[in-house]
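Subject: Handover of a structure and findings

Dear colleague,

Please find the structure below.

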Amino acid sequence: MNSIFLLLNILPILFLYQFGGDLHVSFSLTKDFTLSLIQTPLGTFFAYLSLISFLLVTVSQKSKKLSCNYYALQLLLSFAMLIIVLAGDFITFFIGWEIMTWSSYFIISKSNNIDIKSLQKYILFSLASAFSLIAAIVISYSFANSFDFATISASFKSMPFDIQLTLIILFSLSFFTKAGVIGLHYWVVDTYSKAPDLFSSILSAVMSKMGIYGLFLIYGNIVGYQELKIMFGTILNGTDFGYTLAWIGVATSIIATFKAITQDEVKRLLAYSSIAQLGYIIAVIGFGTTYGVAGALYHTLIHTIIKLLLFINVAAIIAQTGKNRFSELGGLIYRTPVSFVMLLIGIIGLAGMPPLGGFASKFMMYNAAINTKFALILIGMLFSGAASFLYCYKLVYGIYLGHPTSKGLETQKEVPLSYLIPQIILALLLVLTGAFPGAFVKVINPILTQFSLKALPYDGVGIMDSAVGNFNGLFIMSAFVAFFVLILLLISRIKSKAKNNINRFDISYCGEVPSKDTSLHYGFGFGTELHRIKFVNAILKRSTATFYDALALQTKRSSELLSRMYYGNIHNTMIIILLFFSALFFIGVNS
Amino acid sequence: MSLGYYFLLPVIFSFLTPYFKKLGSFTLRGSSILLSFILFVQSIAYTTMKLPQISQFSIKPPLGIAFVLDGYSLLFLLIFTFSAVIVSFYMLWYFKVNPKRDEARFYVFFNMLIAGSIGMILSCDIFNLYIFFEIVGICSYTLSAYNKDKLGLESGIKYLIIGSIASIFIVFAIMLIYLQIGTVNLGLIAQRFHEIDPKISVLIVLMLFIGFGTKAELFPMNFWAPDIYQGSISSVNGLFSSVVAKAYLFVFFHLFYLFGLSSKYMLFVMVIGAITFLVSEFTALNQTNVKRLFAYSTLGQLGILFMALSTNSSETVSGALFHLTSHSISKLLIFLALGILIHHLKSTKISIFGDFKSRFLTIIFAIGFLSILGIPPFSGFVGKILILKGFALSHNYSAIAFILLVSIVEAVYFFRLTAMMLDKKGTKRVVHVGFINYILLCVLAALIVIFGLFPSLLIHYTDLAANALINPTDYLKFALGVGL
Amino acid sequence: MSLKKTLPIKHIVLSILSSALLLSLLGLLMQVKTDLHKSVGDIFLNLNMQTATANAVTSVVTFFRGIDTVGEVTVLFLATSGVALMLSTSQRTYAKIIKQDSFILNVGSRLLLSVIILFGAYIIIHGHLSPGGGFQGGVVIATAFLLLFLANPNMDLNHSILTLGESLSGSAYVLVAIIGLFKVNMLLGNFLPHPVSEIGNLISGGIIPVIYVIVGIKVGSEMAVIVEYFVKEEHEKEIENA
Amino acid sequence: MLDFFNSTQSIHAIIIVGSMALFFIGFYGIATQKNLVKVLVSFDIMESALFLFFIGLHYKVGLVAPIVDDKTKTFTGMVDPVPQAMILTTIVIGLAILALGLSFGIEYYKLTGRNDISKMNELRD
Amino acid sequence: MIGLLILFTFLSIIIVALGAILSKDITQSVMLFMGVGLGSVVLFFIFQAPDVALTEAVIGTGLSTAVFLLGIRHTSQEEVES
């Protein structure tokens, strides 16, 4: 069953590749709705991104026995994302958007630890984002008299300022909800953590990128960065609009990072981390400079690869051990060494350390901040980047290092091959993007020209250069590999006698001998005492949940109030009808 | 092939039912299905002919009564006859499963309900309209009290009293019209309506508004509606929400545009529609009885239709009519599936959505819910987007914001039901959907999807209907008997 | 008449409201002139000569606005079957109660029965000449049955004849309407010869008297059924507490 | 002095006042009465008030009933027959509604033993 | 003369209708309702509408009251309306 759907996933990739960039299909639904698909560079970038990740996830789902309609829904989801990304007009975009929503809703509802409350959270936020999207589409239709991107962007300049503002706000709101910006992320954590294990990788890696694609579409194509600059004016060296967006992004990443550190559940930590990483992208997307857009695009690619890698890895561990909390996991390095190496590579990429691709995208984003002289934004990004290293370490330490907390962990076998292959491929991708950052420039340039921004200078596949300077990825990678191999030889030369006769429990020098089953796995809890820091404590205590729960409570209370009118006494209903008649009569007669 | 058959054939059928009953229940059920099928085929035949069609009774229209079929009534004719065919097939299953002694009488009231509603949309004489109003009234009082238990009887009594109040106001309005204009023919009334002394015309409009508004379940006057839905059986609920409520809506807006009231009262009707939508969606949130929940959702959708139909722009009206058709089909689908569910699980609490295990019913309910909410691949989406597009073109942004916000509230309870259906925990009883129902629900679901993917078929008819509604010039020409 | 009941505030408020409505409506209705347009009635009066029926109201009811009466007959039929649906208990066993029916009442009612039925038949048949017609005559015949039931509650109406009368006359009415379509190319058209000269005597006015006779039979049998259900129902109650 | 009352003007005034008063008595009856039978009675009173109002306003002094017999040869100088035809149908409809309502009331009384419409509230959330 | 007659019958109908509505005992209210019917028959006759008078007499007053009385005997049995 899995192999059939594997082939079905490859099909669109070949189909897209065969078109090579000039696909133009239009199908008229009714006289004034023509659905059209156009292949823009931005669209192809995101299309390949989503299709390849779907392929890898389907490979990883080989070992799980999944029912046929699960795969069908997943295929429908990938088809919907393809429509979104290749849409030429807003109606196709919206149709793809809604099909994506409800097909993912049905997939999530298949997981066995999902409950109705988080399902409701997911669908209501997605519908809210979809409805604000349709509102914006319809308002823009009223001015452009067509749903097509080109006509709308042409007539955007002629719209009055307040309409332009409402359109931008509505579009950004709907895409922020999908990307999980801090105020609207109430649904993200629950859905990612409770969705079926492997599907949450798609959720966080690909579906949130649809929000990013939407933002690019609106700011780049429809409104255009120049128009934004004219509309909102400039500050320091960047646009005012970019500055506000940057603050939103930075706030998201800082708060999400600190929330991530304190999580005990593995998938919740990953969910918060994906919010944080998206916070970076959103911070940079609004700058409207070449480096801003390039940094955002690069980080989108890197984040997708890393999140796929991490989620598949974690899903494999959960499937293998059945436990998803740091307090229950630990010491798996001996049992599943390959997954440990994969996770390690993922962590290095996530934290943005030099040899791997993570550093290249962070480098580009910091350049964008420097270029537009938004100093505070740069400090914020650096601060949350550094803080993100904490939860990366927690992820590695909690699962693989430290002491196994329960007996079962010691007899774990290595994760089945079907999980490992995609992880290996993703790790290789990370290494490649780290070694050859320049290659990515060739991918980004057509998109920059589409947004009518200055193209990045391309000098050599290994070199990524920016306004402030450049670095030679290839050189760093080869130096790192050489250095790494050297140390490896050194360690293996020394007969490591120490490993086998050290007994995990031989720590009697402090006078107490721990019994066999006490767990010595303490390292993962270091997030808990973050509360003592006043600033972090303020973040951790306050949460948007209270606001949304209060909102839900108010609607419930008002609905009870209103339903008290319908308590079924026909006598009073008659009196109300007669009173309504007399009221209208008196108003009507003497008006 | 004349329009009179829509009323006369069911009348003959209901007079001859005692003899059909004597020939055995097979002939009874077969003849009822055959009757609704013939009328459906006849309406399809009318789609090919040039509109408007007329069939006169005894003398030419301005003096006599005539049935006039224009684009607007053709759309409703198709909806009514289609729902009649579907429900008559459904009743085969219903009476096989719980046989009732006076089944023949159900068919009498069922066919006369459809004939009355068709009469209401075809008749071009206001007093004749009142007669059909009463026929539909009596049939719906008895149908809602059909299974003679305490709930059914209570809903019958409530419906009867409210219906009689509505008919009092309508009779008073007809009398005032006759006093002022001297005729009951709709064409002449439409022509001379502006000559009436303004105070009296306000009174007439108010009386007609209260009369038809109460029956079409507008806000301050629809406190009785959920009780009726709770008291009657599900297939009758399906009929109420897709046929009867739509007939009253038809007449409300037929007179609204014929008498040229849209300039003065457009805002008033739109606000009333908006309040109905808001109140019924919010009350639907904390319902525990399933039938009451779907009753409030029907009231809500009627609220949207009132908002959209009252605007004078043919864009929005054609969108509203599209939404109306898709709402009729999906509400029929939901109520029929609900009937099966309630029959098997013997309770009407909301929790039954969590206690049944049938993949087919889950898909059917999911399609119905998504179509009513207006989610893309289904017909509800096209309807909703046409309405929003219409409102946008007339720069009425507050209406757009209002509809979208309240439909999020509507999404809450629909998706709560979907989540309960998809929830795998808890003991589940397998629900066996009969063979007939399987086909019926498939046909309805297929229709929803087809209108969602290829709406151009239906949009042709809704545009025709919208133009015929907004400027009824050729309807007036036929109603006045010019050139007959 | 016990009128001295304590009127709660709700009643007082409602009475004030309805009287206020009354006054403002009267103010409105008084100064409105009613003969704005020549009413369609005068046209019907002139047209009436051709239909050769003496009673203009009958010709309007059955011919000019014929579909109203078809609707009317179906409303009555629906009400009857509604009442039958409601009041027909499955076990229609009515134990013969031992109350010995008084002889005088029986004989008197039989005597009166024939007079009432004759009077009813007269009203039906002369519908198009003198006031009255199908509805009024049918109900008069029904009151004759009511009289019989009051005199002797154990009486059973022969249901087969009543349903036969009801359904045949109903379908006959619709057939007359449809024959009109084929013969005169107008639903409910007057296809029987109705020369103007015959205006006064019995056989005049084409299908109008035929329609009214059919309606008379139908309404008579239906009302008899309604009356029987209401009377019989009451009978059952007495057995319980007898 | 007596013929002041015979003019059509004053007759119409009396009719309007009288029938509207009757109408609002029925109006008050429906608004206050709780017993099903009383409600149906006030419903019928409102209906008869409307009939009187309608037929009354079409009567003018000197017009004759619209029936031709050997005395009045032609259909001239007669009251308008159309309102009478309409009222005739509405009376019969009123009876139909009444009979139906009473049968519902009887069955409901058999099941619950009460006739008070304000107490009927099994049907609620 | 006719005007006076109309005025008188209207007054009596109004009084009888008030009695019908306000009276506690249901059978009494039905009887008074019959009074209203009779009054309206007289008025219809004055208004030169014999058909309507006959219908009102037979159906509006005759049968309706009969149906009411039979109906009352099964339901509240002259019970004083609470």
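**Chain E**

Chain E has 82 residues, and 60% of them are buried; a residue is buried if 20 or more other C-beta atoms lie within 10 Å of its own, exposed if 12 or fewer, and partly exposed in between, with C-beta atoms placed from the backbone. This is a predicted model, in which local features need pLDDT of at least 70 and side-chain atom pairs count only at pLDDT 80 or more, while totals for chains, interfaces and linings use all residues. Residues are numbered from 1 along each chain as its sequence is written, and chains are lettered from A and ligands numbered from 1 in the order in which they are written.

The secondary structure of chain E consists of 3 helices and 0 strands. Helices (H or I, at least four residues) and strands (E, at least two) are DSSP runs, numbered from the N terminus. Read from the N terminus, the elements of chain E follow the order α-α-α. The C-alpha trace of chain E spans about 45 × 25 × 10 Å along its principal axes.

As to confidence, the model has an ipTM of 0.91 and a pTM of 0.92. The mean pLDDT of chain E is 88, with 93% of its residues at 70 or more; pLDDT is the predictor's confidence in each residue, from 0 to 100. In chain E, α2(E) has the highest confidence, at 93, and α3(E) the lowest, at a mean of 90.

**How chain E meets its neighbours**

Which chains share the most contacts? Of the 8 pairs of chains in contact, the answer is chains D and E. Two residues are in contact if their C-beta atoms, placed from the backbone, lie within 7 Å. Here, 43 residues of chain E are in contact with 45 residues of chain D. On the side of chain E that touches chain D, α1 (2–22), α2 (26–46) and α3 (50–74) each supply at least two residues, and α3(E) gives the most, with 14 residues. By class, that side of chain E has 27 nonpolar, 13 polar and 3 charged residues. For these classes, Ala, Val, Leu, Ile, Met, Phe, Trp, Tyr, Cys and Pro count as nonpolar, Asp, Glu, Lys and Arg as charged, and the others, Gly among them, as polar.

No contact joins chain E to chain A, and the closest C-alpha atoms of these two chains lie 14 Å apart. Chain E does not touch chain B either, their nearest C-alpha atoms being 14 Å apart.

**Chain C and one of its residues**

Chain C has 8 helices and 0 strands. Of its 242 residues, 47% count as buried. Among contacts in chain C with a separation of 6 or more, 74% are between residues 24 or more positions apart. Chain C also meets chain A, with 4 residues of chain C in contact with 4 residues of chain A; by class, the side of chain C that touches chain A has 3 nonpolar, 1 polar and no charged residues.

Is C:Ala177 buried or exposed? C:Ala177 counts as buried because 25 other C-beta atoms lie within 10 Å. Its place is in helix α7 (residues 159–184) of chain C. Not counting residues up to four places away in sequence, C:Ala177 touches B:Leu8, C:Val70, C:Leu187 and C:Leu188. The C-alpha atoms of C:Ala177 and C:Ile67 are separated by 8.9 Å, although the two residues are 110 residues apart along the chain.

**Local features of chain B**

B:Leu51 and B:Pro52 are joined by a cis peptide bond, with omega about -10 degrees. B:Pro52 lies in the loop between α3 (25–48) and β1 (53–57) of chain B.

Two lysines of chain B may be read side by side. B:Lys148 has phi near 50 degrees, a positive value in a residue other than glycine, and lies in the loop between α6 (126–144) and α7 (150–181) of chain B. B:Lys148 is partly exposed, because 18 other C-beta atoms lie within 10 Å. B:Lys346 has phi near 60 degrees, again a positive value in a residue other than glycine, and lies in the loop between α14 (314–345) and β3 (356–357) of chain B. B:Lys346 counts as exposed, because it has 7 C-beta neighbours inside 10 Å.
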